[in-house]
Amino acid sequence: MNTNTARKQASLLKTEPVAEKGTLFPKILLGATAVTVLASIYMIFIFSEVEKTMGVVQKIFYFHVSSAWCAFLAFFVTFVCSILYLAKRKRIFDTYAYVSAEIGVVFTSIVLTTGPIWAKSSWNTWWAWEPRLTTTLILWFIYMAYIMIRQMDGVWDKKARLAAVFGILGFIDVPIVFFAIRWWQSKFHPIVFGNGPSQKGGGITHTMLLALLVSIAALTLLYSYLLQKGVNLENMRIKVSQYKEKLREDMEK
Amino acid sequence: MLRAALLLAKKDLLSELKTKQVLATMIIFAGLVILVFSFAFDPANNTTRAVIPGVIWVIIVFAGILGLNRSFISEQRNDTMHGLLIAPMEASSIFLGKFLANFSMIMIVELVSLPFLFLLFDFHILGYFPYFLLVLVIGSFGFISIGTFLAALSANSKSSEMLLPLLLFPVTSPILIGAVQATRIILTNIEKLSSAMAWIQLIAAYDVIFFVLCFILIDYVLEV
């Protein structure tokens, strides 16, 4: 119990300077996010040309691809922070891992909803059991399970430890899942939809590429802004619960 | 380390032999799965042959989940888990011991239930039998090793019976894909043995990666 309170005090001290320094940085981040999101909307809907065969529906591609990128980035951050947590045992890494996984699940959900909408109009089916799609679905399930671990009852460092272990395991699993599914599918229908690069990479024009890059930048900035906000929120929550604990102790005295 | 693991596995199996609670549940459950599948897919129909490889793995996965759930929960009743943790052995030998016990139990379940499945569905094995056994062994190995690990992880939760399948199914999906495909090729289409071997290699690679990973990470899961 003694070490636990000492650790709490340490984290209390540590969160103070972060909050002070963090007054300017989030504002810059917010501004950059707003500017790039507006720019990307302009680029997507006005600047870039309309795709020849798919028409206007292709515009969903910019959000789809950039959210997929953000989801992978978020899960990678979770993976790295999980390793760092197990090595260093500092609560801040755990907070980052948790918030990042949550944002990653949101972005994966965006991918999984925009995907079928786009697929319905271009492939004429809502869903195909194609490697990328299936892997994304399994990814979503893995990180939902990760969040379920976080909802467990118990002291925070136990939950953090178990979640970190699962974060590492889940992230390493993803490439294997992808290869297994690609192998499975390629046995039966080799190239049906010309998935991914052969279709997008082949016919992309300069304006489209530029729009894609801007929207990726916009969503990455949005991700970092959300991450920063979420971590701040989580830190505040931790602090409030510490004060509550302290009050309770004082009352019991 | 190995000796401690063997001792632990022996203890688990002996206490299981005494009560026969989990093993009986697993075997009866496997029988019920076969029954349900006989309603879902008409056994008199010839096309049913195509779903047999899938049914085999559904039986293993569902019966396996039952056993895995119990393997760490049973240590909580008298708080023997703490006893194991402070005993002079490493966390990895606890994992290894539990894994050996679970693995032998699922093997017994397979030994009993799969002949029944073949009998009741009147399924003749066309392929080469030893390859089928190989797929069964390495597929169950991977499933049970990662399952034992995640059972140790989810045992910390109050609702671990609900949590374990959620953790286990997405993570083991490569094994399930590979095992079902390899079983299908071996049982019905033995000419394509080379692609079955490719699947077996994939499962073996998965087994090795995750067995090592579990060994490294189990220290963090089983902390006092």
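The model examined here is predicted. Ala50(B) is part of the loop that joins helix H2 (21–40) to helix H3 (52–73) in chain B. Although Ala50(B) and Arg184(B) are 134 residues apart along the chain, their C-alpha atoms are separated by 7.7 Å.

Ile190(B) is classed as partly exposed because its C-beta neighbours inside 10 Å number 15. Between Ile190(B) and Val208(B) there are 26 Å in space, C-alpha to C-alpha, for a separation of 18 residues in sequence.

Helix H7 of chain B is mostly covered, with 23 of its 29 residues buried. At Ser173(B) the helix H7(B) bends by about 55°. A proline, Pro174(B), follows within four residues of that position.

The two chains also touch: 22 residues of chain B are in contact with 26 residues of chain A. On the side of chain B that touches chain A, H7 and H8 each supply at least two residues. H7(B) gives the most to this side, with 10 residues. By residue class, the side of chain B that touches chain A consists of 14 nonpolar, 6 polar and 2 charged residues. H7(B) is thus described both by its 23 buried residues and by the 10 residues that it gives to the side touching chain A.

Definitions and conventions
Residues are numbered from 1 along each chain as its sequence is written. Chains are lettered from A and ligands numbered from 1 in the order in which they are written. This is a predicted model: local features need pLDDT of at least 70, side-chain atom pairs count only at pLDDT 80 or more; totals for chains, interfaces and linings use all residues. A residue is buried if 20 or more other C-beta atoms lie within 10 Å of its own, exposed if 12 or fewer, and partly exposed in between; C-beta atoms are placed from the backbone. The bend at a residue is the angle between axes fitted to the seven residues ending there and the seven starting there. Two residues are in contact if their C-beta atoms, placed from the backbone, lie within 7 Å. Ala, Val, Leu, Ile, Met, Phe, Trp, Tyr, Cys and Pro count as nonpolar, Asp, Glu, Lys and Arg as charged, and the others, Gly among them, as polar.
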